[in-house]
Amino acid sequence: LRRAEEQTQALMRAKESFFAVMSHEMRTPLTACIGMAEVLRDTTALDFRQKECVDAVLSNGDSMLSLINDVLDFSQLEADGLELEIAPFSFREVVEQAASVVQVKAEERDLQLVVRVRPNVPR
């Protein structure tokens, strides 16, 4: 039983190390992509469609970065515990961001994505 516990602890340490290394390996190029897209947006005269594409890159990059951070938070929760923070957010903004993630795929398939949030939904 003691040996099994030691093996479990070693596996947990290996998993924590893996997440730490992978988060760095994923964040670094993703942050560079987001930064370059911001430079493109801010320093180039883009037409409407090009601006939409750059905005989609930025929005999806931010979503991916948030997802990576969430995975790491859950990993930390397993390892050390994590204090959750209750914070206000805009439901409409979250829905709009989620829709923007799938909008490009919908357009590729000649589909129209329509998102409606009822007026009585709290902000």
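**Group meeting: a pocket and its salt bridges**

Hi everyone, let's start at A45, which sits in the loop between helix 1 (2–43) and helix 2. Helices here are DSSP runs of H or I with at least four residues, numbered from the N terminus. A quick note on the model: it is predicted, so local features need pLDDT of at least 70 and side-chain atom pairs count only at pLDDT 80 or more, while totals for chains, interfaces and linings use all residues. Residues are numbered from 1 along each chain as its sequence is written, and side-chain values use heavy atoms, with hydrogens and water left out.

Back to A45: is this residue buried or exposed? A45 counts as exposed because its relative accessibility is 79%; the cut-offs are under 20% relative accessible area for buried, over 50% for exposed and partly exposed in between, using a 1.4 Å probe and protein chains only. From the C-alpha atom of A45 to that of L113, 68 residues along the chain, the separation is 28 Å.

Now to the pocket. The largest pocket has a volume of about 210 Å³. On a 1 Å grid over the protein atoms alone, a pocket is an open set of points where a 1.4 Å probe fits, with protein on both sides within 12 Å along at least five of seven lines, and lining residues have an atom within 4 Å of a point. The volume is the space filled by probe spheres set on the points, which are joined across faces, edges and corners.

Which residues line the largest pocket? They are R49, E52, C53, D55, A56, S59, S100, Q103, V104 and E107. Helix 2 (48–79) and helix 3 are the elements giving two or more residues to this lining, and helix 2 gives the most, with six.

Some of those names return in the salt bridges, of which the structure holds five. The criterion is a side-chain nitrogen of Lys or Arg within 4 Å of a carboxyl oxygen of Asp or Glu. E52 pairs with R49, their closest N and O atoms being 3.2 Å apart, and both lie in helix 2, about one turn apart. R49 also bridges to E107, at 3.4 Å. E107 lies in helix 3 and R49 in helix 2, so this pair ties together parts that are 58 residues apart in sequence.

K51 and D55 form another bridge, at 2.9 Å, within helix 2 and four residues apart. D55 counts as partly exposed, because its relative accessibility is 30%. As for R49, E52 and E107, salt bridges with shared partners join them into one network.
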